[in-house]
Amino acid sequence: MIDHSNNYGYSELAHPADVALKIWGDCLDNFFKAALDGLYHLSSIEFDKNAHTKKTLLYLPSEKIEILLVDFLNEMIFMIEEGKAFVIHCMTSTDDGTRFVGEEKSISKTDRFVKAATFSELEVHKNGDHFEALVVFDV
Amino acid sequence: MPNINDLKKISDFEWQLPSSYREDMQIPVHIFASKELLTLALIDKAIDQAINAASLPGMLGQIAVMPDVHQGYGFPIGGVGAACMENGVISPGGIGYDINCGVRLLASKIKKNHAQNQLSSLARTINRICPSGLGNKQGVVVSEFDLEAICSLGARWALKNGLADPLDIDRTEDMGFIRYADISFVSARARERGKSQLGTLGSGNHFIEVDYVMRVFDKKVADLMGLFEDCLVVQIHSGSRGFGHQVCTDYVRDLQNLSQKYKIKIPDRELVCAPIQSKEGQAYLAAMRAAANYAFVNRQVIAQRVREAFAEIFYSDSDNGYLKQVYDIAHNIGKVESHKIDGVQREVCVHRKGATRAFAPNSPGLSKEYQKIGQPVLIPGSMGTQSWVLMGPDKNNEIAFASCAHGAGRKMSRTQAKKSIHGQTLRNQLLDDGIYVEAGSLSGLAEEAPNAYKDVSLVIESVVAAGLARKVASLRPLIVIKG
């Protein structure tokens, strides 16, 4: 399960043309949770409080962590475009891939369209269980 | 990061960073800019990104850097590179996510003074008729069959379906159609996104502007283009929407593990690439061309909607109110062209990212009328400031691979702009200057504030002095529609 302490987070960094996020987490689950929170911040989304939620499973094939992160964020960007957002409950990785279990919620408002998460200068740094990365988004 | 002392001054508006600057550079970087703009370009990582592009295999001549350059991802925005067709590479990061993002200019004969009292309702009408904003699904919904036809026929699909007039096609880059597009190389998700977003503007820096022709610099050419002082014109800035974004996302991802296979060293993952002649390179080219054709149709459909808005407001003056196309130009694209490089005529794949084509008279791909004068080049300013209509130089600038700047170029980050500029205040200031603004998001409006961009007149000064293009007319905004 996601650790809901403050051991993960993001900060928006200035980028000349696009937008960038520094994200960190004290475990892989929290690292991805931070990435998702950061994306929702960049998109300025508001959840539809009255809408029903739906349990959802997202599966991404096994890849290097940088590719997994970009794949995950681009899936989320597509969901936002479809008027939905995903909330991670837990994630499990096997040799074949990674499963994200969570809820799908409707969005009532989005203020900014993020086109894509890019690989520009992307490197995920792992120090013990701590993960950190800088992700540039095309807007 | 290079500094000004690392550059060799060629002239007051041209600078060169030799290939000896970094070990992996195959070719030099050639910057077209005044000293003032060069100084701005050296602040961020734009020139480092040009150096990275210069390290890609099979790049020929030099990486050309436009005066409006700024940091992007992969190539800099305002970077041009020509890859050898036999042993060069194609890089989606050298073209961008918004494949064939570009600008269309349409001109009317309605005088600004006659329209003054109708500007507010014209702004609202355009905003109502033209869908904009996030992943907008109020576009023309097309079937799989139509999508395939759009991707293979480009703007001619619009003509066949009564959404264009023949002059629109003549006055579009490459007649709005790029050969050898193949939708079978486009993913199911990209197709899905494409089916519901045709004719939508999008958000970010995309816009529709109603301007008036402020000053004509070359009357003969302006007359031929249909530009007359004080008359209303319309600029449309949009691209291939979710369809193109998805194509780029898919291929940047799929090419990630290819560098090892082809033994290509890349300094930045976003510069992933494939040999042009490889099956992966050909697949991306076919998909990218499909997205480029989609973008031509997207701007065409938006243009038709703006025409509807003009017809609704100026119904009593329908002849003068008809919006005649001046030109439609791409500024994020990869195209096979022939250029003289180091004295030899070569067939190359020109990557233009945040740069337009700027062909001289008698160049291939221009309509009969533009063969005589050269290709129109459209350089929008930032909202609230001038935009420019230029034309290709007398003779193609081969150092730039016949390319030109595409805008003012950002100087302030979006984060900084949002912090320092208040959207509603900006909207009021623009209204005080006589500019009506319709915006989907006030914070988005703040990000696009004129202060966030370089002075476009400095860009034009460099473009003209460096022989990239010639002045035809300047435009001033009256209405700005932002997604």
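How are helix 5 of chain B and helix 12 of chain B placed relative to each other, roughly parallel or roughly perpendicular? Let me begin there, after a word on the model itself. This is a predicted model, in which local features need pLDDT of at least 70 and side-chain atom pairs count only at pLDDT 80 or more, while totals for chains, interfaces and linings use all residues. Residues are numbered from 1 along each chain as its sequence is written, and chains are lettered from A and ligands numbered from 1 in the order in which they are written.

Now to the helices. When I say helix or strand, I mean a DSSP run, numbered from the N terminus, with helices being H or I runs of at least four residues and strands being E runs of at least two. Two packed helices are described by the angle between their axes and the distance between the axes. The axes are lines fitted to C-alpha atoms, for helices over the stretch in contact, and the angles run from 0 to 180 degrees between N-to-C directions.

Helix 5 of chain B, residues 144-153, packs against helix 12 of chain B at an angle of about 100°, with the axes 7 Å apart. The two are therefore roughly perpendicular to each other, because angles of 65 to 115 degrees count as roughly perpendicular, those under 35 as roughly parallel, those over 145 as roughly antiparallel and the rest as oblique. On the helix 5 side the contact is made by I150(B), C151(B) and S152(B), and on the helix 12 side by A290(B), N293(B), Y294(B) and V297(B). Two residues are in contact here if their C-beta atoms, placed from the backbone, lie within 7 Å. Five of these contact residues are nonpolar, two are polar and none is charged, where Ala, Val, Leu, Ile, Met, Phe, Trp, Tyr, Cys and Pro count as nonpolar, Asp, Glu, Lys and Arg as charged, and the others, Gly among them, as polar.

A second pair in chain B is helix 8, residues 188-196, with helix 10, where the angle is about 165° and the axes are 7 Å apart. That makes helix 8 of chain B roughly antiparallel to helix 10 of chain B. Their contact includes R189(B) and R193(B) from helix 8 and Q246(B) and D250(B) from helix 10, and by class it has three nonpolar, three polar and three charged residues.

In chain A, helix 1 (residues 28-43) and helix 2 (residues 65-81) have axes that come within 11 Å and cross at roughly 40°, which makes helix 1 of chain A oblique to helix 2 of chain A. Among the residues that meet are F32(A) and L36(A) in helix 1 and F72(A) and M76(A) in helix 2, and this contact divides into nine nonpolar residues, one polar and no charged.

Next, the contact between the chains, which takes 33 residues from chain B and 27 residues from chain A. On the chain B side, strand 4 (59-73), helix 10 (241-254), helix 15 (414-420) and helix 17 (442-447) each supply at least two residues. Helix 10 of chain B gives the most to that side, with six residues, and by class the side has six nonpolar, 18 polar and nine charged residues.

What about the interior? A nonpolar core is a set of buried Ala, Val, Leu, Ile, Met, Phe, Trp, Tyr and Cys residues joined through C-beta atoms within 7 Å. A residue is buried if 20 or more other C-beta atoms lie within 10 Å of its own, exposed if 12 or fewer, and partly exposed in between. The largest core has 211 residues, of which V135(A) and V306(B) touch the most other members, and its largest share, 18 residues, comes from helix 12 (residues 279-313) of chain B. Not counting residues up to four places away in sequence, V306(B) touches several residues, including I126(B), C130(B) and L323(B).

L122(B), in helix 4 (residues 119-129) of chain B, counts as buried with 22 C-beta neighbours inside 10 Å. Leaving aside its neighbours within four places in sequence, L122(B) is in contact with V210(B), A309(B), I313(B) and I479(B).

E121(A) counts as partly exposed, with 17 C-beta neighbours inside 10 Å, whereas N100(B) counts as buried, with 30.
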